Number of protein chains: 2
Amino acid sequence: MFKVVSKSTDSRARAGVLTTVHGEIKTPVFMPVGTLGTVKSLSPEELVKCGAQIILGNTYHLYLRPGCEVIERFSGLHRFMNWDGPILTDSGGFQIFSLAKLTKLTEEGVEFQSHIDGSKHLLTPEKAIEIQICLGSDIIMCLDQCIKYPTNLKDTKDAVELTTRWGERCKKEFDKCVNLTSGQALFGIVQGGMFKELREMSADAMAKIGFEGFAIGGLSVGEPKEIMLEMADFTLPKLPESKPKYVMGVGTPKDLVELVSLGADMFDCVLPTRNARNGQLFTKYGPINICNSRFKHDTDPIESGCTCYTCKNFSRAYLRHLYMAKELLAYRLNTVHNIHYYTNLMKHMRNAIKNDAFEAFRKDFYRKQDRRLT
Amino acid sequence: MFKVVSKSTDSRARAGVLTTVHGEIKTPVFMPVGTLGTVKSLSPEELVKCGAQIILGNTYHLYLRPGCEVIERFSGLHRFMNWDGPILTDSGGFQIFSLAKLTKLTEEGVEFQSHIDGSKHLLTPEKAIEIQICLGSDIIMCLDQCIKYPTNLKDTKDAVELTTRWGERCKKEFDKCVNLTSGQALFGIVQGGMFKELREMSADAMAKIGFEGFAIGGLSVGEPKEIMLEMADFTLPKLPESKPKYVMGVGTPKDLVELVSLGADMFDCVLPTRNARNGQLFTKYGPINICNSRFKHDTDPIESGCTCYTCKNFSRAYLRHLYMAKELLAYRLNTVHNIHYYTNLMKHMRNAIKNDAFEAFRKDFYRKQDRRLT
């Protein structure tokens, strides 16, 4: 299912191919977030044109709205949202711990109240798997306990141990329920907060259970950037080399370059989409905010040479105008550019790895990012 | 510039071609409203795919935001918003009377305060023309005084007379300023409220000044539907037969069918776009509201057989889900369908006129509209 095709000799960066029944994914890959069965403002065709190879759906959100009984009528999320490419769904755990009102955490699972209507639900490891199977996800994530930062060693260790036991239950449920011909894969999630010994313990435990891929959860939860990178640096080599390594919920363009150099293969983050809707646009010369008055009369595209639909057709002045007037098209054109920027950055990294020139790419990336856009 | 190509023998419906430097427009035509240099939520390519031949821009809005000095950098609205087709702009009069705080109406023009920042402005007939020339509009509208409903005869007559004098000044300014090779055209506006004698007086006066086309303004301003149609029925034959006749700001699908049968050639209205954003979708079996719970599990498209992008790719259940979750894609997919519905209705009317079967078309239209969508 996963094959490493190139390895960088001057870093731990690697390029690979992850195969799903909905197509091949070239790694390292960035997965745009499509929380509610839509990457906000974009059509499926636009996502493809923006270079998206795989998108992420949120189990928590989709379970509450529209609910599994609706998506089942469409035999899963792909047909419901008309997306033919691969889909990864998270387990819902992270959202329950961050969005919902958590009412009770037990060995059995998590009791929570919906952030929409206050209704009560119980999510168990088994149920998280069942929902994701019903969504038709190509990559299914185990239910985990994601803890806040900072937390003490004892609580973090308890969370790692619970995550391990839940991982075992998820694997068992997955093996029992999944149709072998469906091609669906299950990924485990490594927790452990900012404690290296717990990260190692969690990585070992997950590797022992055996999954098709391994994610690092619980990063980018408020800790300083250096600690996030230190944890990733420490944990990534502890994960099985033959499997894809996914750093969840990260990050900025610089984070992605660093994490790829440390051996990460997969990423998801709301940054390009959410920031697009807040007027922040990524460029190779660093981010700009389109509402800045210096763009008022600017006839240039966001980034000269960018091949995205937005840059090929519209100026900064027009995008600023749309944004200032709160026009719906603003959010869409900005999102197109940012998703394209992210997927293009990953493509450049893949090429650099294949040419065994990752360090040169990385230096050039930083040199440009630290220049000011003109 | 305008040529009638077919005339119905069982109604006053007619089909024509209006030529502009940005392309030919087949009439009867519906013009989607692109208030601020964007038909809300749609890209220019989507507009073309939805069948839009020409769009409308609002002078009042564009003058305030982003302002002429920005649009001038792009040599007009076409390049600013990347729309290659024809554009008609209104004069700004209607918006000043409805949106802005009107501070003073004099022979000279209209003093108003911006609804955005309260800044004071004076719009004269000459300035209305200059702004529209700067916007690069293919069809420029005269400044008129649009009055409220109901109003008395005296005030309405005063408004007609002022509109006539302003029409003369607009024509003079247009002839002085417009580049003859630009192909821009000027349309006059007939006022007269709900008084036939004033409508006739206004139509005669406008015809005498001489324009490339004639609009009926001041309809659909709160009067009962029968009065609107009665006024249009009375006024349309008073306008020069060889010129395009445009009923401004109207209307529902039924209104369009009625007005085409009375001889109208052009329409604009926010109904398909605004209602799309409110969840109302037009179908040949009448409108539906997508948030209705009966669509929750509905795997059918909005209208079976509809060839719009939305109907070809998405179900009512998905559209309902997006709408209930307030997803940006909801507004866009709904708008695509409604614009397509309107342009398609016009296309069917053109074909019916060419086949001299307008009355048969009209009867079939009503029979279907009054059936319930299944």
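**Close-up views of a predicted two-chain model**

**Figure 1. The loop at B:Pro28.** B:Pro28 sits in the loop of chain B that runs between strand S3 (23-27) and strand S4 (29-32). The model is predicted. The peptide bond leading from B:Thr27 into B:Pro28 is cis. Its omega is near 0°.

Figure 2. The bond joining B:Val250 and B:Gly251 is cis. Omega here is about 5°. B:Gly251 belongs to the loop between strand S13 (245-247) and helix H10 (253-261) of chain B.

**Figure 3. Positive phi at B:Ser75.** B:Ser75 is not a glycine, yet its phi is positive, at about 60°. The residue lies in a loop of chain B, with helix H3 (68-72) on one side and helix H4 (77-81) on the other. B:Ser75 has 11 C-beta neighbours inside 10 Å, so it counts as exposed. The cut-off for exposed is 12 or fewer.

**Figure 4. Positive phi at B:Asp356.** B:Asp356 is another residue that is not a glycine but has a positive phi, here about 45°. Partly exposed covers counts between the exposed limit of 12 and the buried limit of 20.

**Figure 5. Helix H6 of chain B and the residue after it.** H6(B) spans residues 125-135. Its buried residues are B:Pro125, B:Ala128, B:Ile129, B:Ile131, B:Gln132, B:Ile133 and B:Leu135. Just past the helix comes B:Gly136. B:Gly136 has a positive phi of about 75°.

**Figure 6. Packing of helices H13 and H14 in chain B.** Two packed helices are described by the angle between their axes and the distance between the axes. The axes of H13(B), residues 316-324, and H14(B), residues 328-354, cross at roughly 130° and come within 7 Å. H13(B) is therefore oblique to H14(B). The crossing is left-handed. H13(B) contributes B:Leu319, B:Leu322 and B:Tyr323 to the contact. H14(B) contributes B:Leu329, B:Ala330, B:Leu333 and B:Asn334. By class, the contact has six nonpolar residues, one polar and no charged.

**Figure 7. Packing of helices H8 and H9 in chain B.** H8(B) covers residues 196-209, and H9(B) covers residues 225-235. Their axes are 10 Å apart, and the helices pack at an angle of about 40°. That angle makes H8(B) oblique to H9(B). The crossing is right-handed. On H8(B), the contact residues are B:Lys196, B:Arg199 and B:Ala203. On H9(B), they are B:Met231, B:Phe234 and B:Thr235. The contact of H8(B) with H9(B) has three nonpolar residues, one polar and two charged.

**Figure 8. The two domains of chain A.** The domain assignment places residues 2-268 of chain A in domain 1 and residues 270-374 in domain 2. The C-alpha centres of the two domains lie 27 Å apart. In the contact between them, domain 1 supplies 31 residues and domain 2 supplies 29. On the domain 1 side, the elements giving two or more residues are strand S2 (14-20), strand S4 (29-32), helix H1 (44-49) and helix H10 (253-261) of chain A. H10(A) gives the most to this side, with six residues. By class, the domain 1 side has 15 nonpolar, nine polar and seven charged residues.

**Figure 9. The contact between chain A and chain B.** Chain A brings 30 residues to the contact, and chain B brings 30 residues. On the chain A side, the elements that give two or more residues are helix H4 (77-81), helix H13 (316-324) and helix H14 (328-354). H13(A) provides the largest share of this side, with five residues. By class, the chain A side has 15 nonpolar, nine polar and six charged residues.

How values were computed: Residues are numbered from 1 along each chain as its sequence is written. Chains are lettered from A and ligands numbered from 1 in the order in which they are written. This is a predicted model: local features need pLDDT of at least 70, side-chain atom pairs count only at pLDDT 80 or more; totals for chains, interfaces and linings use all residues. Two residues are in contact if their C-beta atoms, placed from the backbone, lie within 7 Å. Helices (H or I, at least four residues) and strands (E, at least two) are DSSP runs, numbered from the N terminus. Ala, Val, Leu, Ile, Met, Phe, Trp, Tyr, Cys and Pro count as nonpolar, Asp, Glu, Lys and Arg as charged, and the others, Gly among them, as polar. Domain bounds come from an automatic or database domain assignment. Axes are lines fitted to C-alpha atoms, for helices over the stretch in contact, and angles run from 0 to 180 degrees between N-to-C directions. Angles under 35 degrees count as roughly parallel, over 145 as roughly antiparallel, 65 to 115 as roughly perpendicular and the rest as oblique. A crossing is left-handed if the near helix is turned anticlockwise from the far one by less than a right angle, and right-handed if clockwise.
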